Amino acid sequence: MKTTLHTDWTVGDVCKGFIYDKNENKGLFGLGGKLIIQPEYQRNYIYGDGKKDVAVVDSLLRGYPLGLIYFVKNDDGMYEVLDGQQRITSFARFVNQSWPFAVERGGKPRYFNSLDKNDQDLILNTPLTIYVCEGDPSEIQEWFEIINIAGVPLVKQELRNAAYHGPFVTAARAHFSNPNNAKMNMWQTYVSGDPRRQAILERALDWVSGGDIEDYMAKHRDDDNIKELEDNFDTIIDWVDTVFTYAGPEMRGLDWGRLYKTYHTKAYDADVVAKRVDALLADEQVTDRRGIFEYVLGGEVDAKLLNIRVFDAKTKSSVYHAQTSAAKKKGVSNCPMCAAMDKGSNRTRIYKIGEMDADHVTAWSHGGATSAANCQMLCKTHNRSKGNR
């Protein structure tokens with residue numbers, strides 16, 4: 001791979017012809033139309049938070065270096081930003097007043113057009129340190145991953161976008177990574193993560209591919225439409241939204257793709273589901289509220305999903321000593337189920353507390369509380385055999 005160092009390009013040069021696309025949250029072109037600021041394999045613009053973007057411009061005004069920037073030179077003579085697009089987009093937004101923001105200067109907020117002429121010139125004439133590399137795609141992609149170890153590391157899906165960039169990634173990112181998509185609020189009710197960091201796209205690909213995202217992207221790399229991906233994702237989200245009227249934070253980030261695949265052929269009454277979800281959310285015994293939704297979908301069979309509150313050590317000790325004292329007076333086992341046996345050596349056995357488990361007399365699923373009044377100590381064998389009865 002060939003690399004060439006450029007120190008002759010200034011901030012003003014790179015800002016020439018800058019275009020910012022608010023719909024896709026990215027800078028498009030610069031350097032008089034010769035520079036592609038955000039190729040499709042790059043992450044969306046994430047510096048637009050009023051802090052990082054301001055810091056970039058403030059660094060220029062203080063005369064601080066912005067660090068190395070890397071371009072790739074394509075066969076057609078166009079350049080692509082390999083590393084540095086966040087910094088470039090920030091200062092170009094400021095200079096060209098595309099989605100403008102202010103920096104503090106002289107104790108007052110200043111936009112570029114309100115800066116003193118010498119400050120404007122200071123920014124525009126700042127030379128940049130840019131390495132331009134030329135090589136085959138595999139060399140470029142390998143280097144791309146290496147130089148992105150520093151700074152804000154690329155997430156897994158951003159690296160996948162780089163490896164499989166093409167018309168499919170272009171269309172998929174335009175749809176799933178656009179924060180202004182009209183469906184985004186609904187999607188983020190059920191999917192966690194920042195869409196600009198490809199979280200929504202990654203989940204959509206995960207669900208449609210059954211977990212083999214790389215294989216799916218490789219097969220569809222040259223497709224110019226994403227209908228299958230869109231339809232699958234919309235179907236799953238619509239199913240969740242139909243079954244559950246509750247839309248609280250406990251639902252965000254669950255594996256709805258797996259739950260849809262497992263349960264979508266079953267019929268549910270949304271009103272009944274809503275009542276059960278509300279009741280379980282209000283139940284103090286339930287310590288894993290995120291497990292409620294699969295518990296209800298599965299017919300309320302697997303209580304382990306809810307991580308029901310267990311008896312504390314003080315309650316277990318108190319119940320054990322009371323139970324053991326009463327058993328010794330009767331000459332029977334301190335395990336009620338052993339004591340109820342017609343014969344056998346365990347009928348009169350006194351277990352140590354470490355040989356016993358605390359058990360709900362009336363199961364939680366039948367309305368029993370996790371309290372001393374509803375607690376009994378059973379030998380481990382009988383507690384495990386008792387189950388949910």
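Gly33 touches Lys16 and Met78, leaving aside residues up to four places away in sequence; a contact means heavy atoms within 4.5 Å. Gly33 sits in the loop between strand S3 (26–30) and strand S4 (35–36). The model is predicted: local features need pLDDT of at least 70, side-chain atom pairs count only at pLDDT 80 or more, and totals for chains, interfaces and linings use all residues. Residues are numbered from 1 along each chain as its sequence is written, and side-chain values use heavy atoms, with hydrogens and water left out.

- Gly33 counts as partly exposed because its relative accessibility is 36%. The cut-offs are under 20% relative accessible area for buried, over 50% for exposed, and partly exposed in between (1.4 Å probe, protein chains only).
- Gly33 and Cys15 are 18 residues apart along the chain, and their C-alpha atoms are separated by 9.7 Å.
- Leu31 lies in the loop between S3 and S4 as well.
- Leu31 counts as buried because its relative accessible area is 11%.
- Leu31 is not a glycine, yet it has a positive phi of about 55 degrees. Most residues other than glycine have a negative phi.

**Overall build**

- The protein has 17 helices and 11 strands. These are DSSP runs, numbered from the N terminus: helices are H or I with at least four residues, strands are E with at least two.
- The radius of gyration is 31 Å, whereas a compact globule of 389 residues would have one near 21 Å. The radius is taken over C-alpha atoms, and the globule rule is 2.2 Å times the number of residues to the power 0.38.
- Along the principal axes, the C-alpha atoms fill a box of roughly 95 × 50 × 45 Å.
- Of the 389 residues, 46% count as buried.
- Take the contacts between residues at least 6 apart in sequence: 62% of them join residues at least 24 apart.

**Surface and charge**

- The accessible surface comes to about 19,600 Å², and 50% of it belongs to carbon and sulfur atoms. Areas come from the Shrake-Rupley method with a 1.4 Å probe; for residues, only the protein chains shown count as cover.
- The protein has 49 positive and 53 negative charges, and their mean positions are 11 Å apart. Lys and Arg count as positive, Asp and Glu as negative; His and the chain ends are not counted. Each charge is placed at NZ of Lys, CZ of Arg, CG of Asp or CD of Glu.

**Nonpolar cores**

- The largest nonpolar core has 46 residues, of which Phe176, Leu229, Phe233, Trp239, Phe244 and Trp256 touch the most other members. Such a core is a set of buried Ala, Val, Leu, Ile, Met, Phe, Trp, Tyr and Cys residues joined through side-chain atoms within 4.5 Å.
- Helices that each supply at least two residues of this core include H7 (167–176), H9 (199–209), H11 (227–243) and H12 (256–263).
- H11 gives the largest share of this core, 7 residues.
- Apart from this core lies another, of 31 residues, among them Leu31, Ile37, Val81 and Leu128.
- Leu229, not counting residues up to four places away in sequence, touches Phe168, Ala172, Phe176, Leu201, Ala204, Leu205, Val208 and Tyr216.

**Other loop positions**

- Ala267 is in the loop between H12 and H13. Ala267 counts as exposed because its relative accessibility is 78%.
- Ala267 and Leu297 are 30 residues apart in sequence and 9.7 Å apart in space, C-alpha to C-alpha.
- Glu300 lies in the loop between H14 and helix H15 (313–330). Glu300 is another residue other than glycine with a positive phi, near 55 degrees.
- Glu300 counts as partly exposed because its relative accessibility is 27%.
- Tyr64 is in the loop between helix H2 (52–62) and strand S5 (69–73). Tyr64 counts as partly exposed because its relative accessibility is 46%.
- Tyr64 and Thr126 are 62 residues apart in sequence and 9.6 Å apart in space, C-alpha to C-alpha.

**Helix H17**

- Lys380 lies in helix H17 (residues 380–386). Lys380 counts as partly exposed because its relative accessibility is 28%.
- Lys380 touches Gly354, Glu355, Met356 and Asp357, not counting residues up to four places away in sequence.
- Lys380 and Glu284 are 96 residues apart along the chain, with their C-alpha atoms separated by 26 Å.
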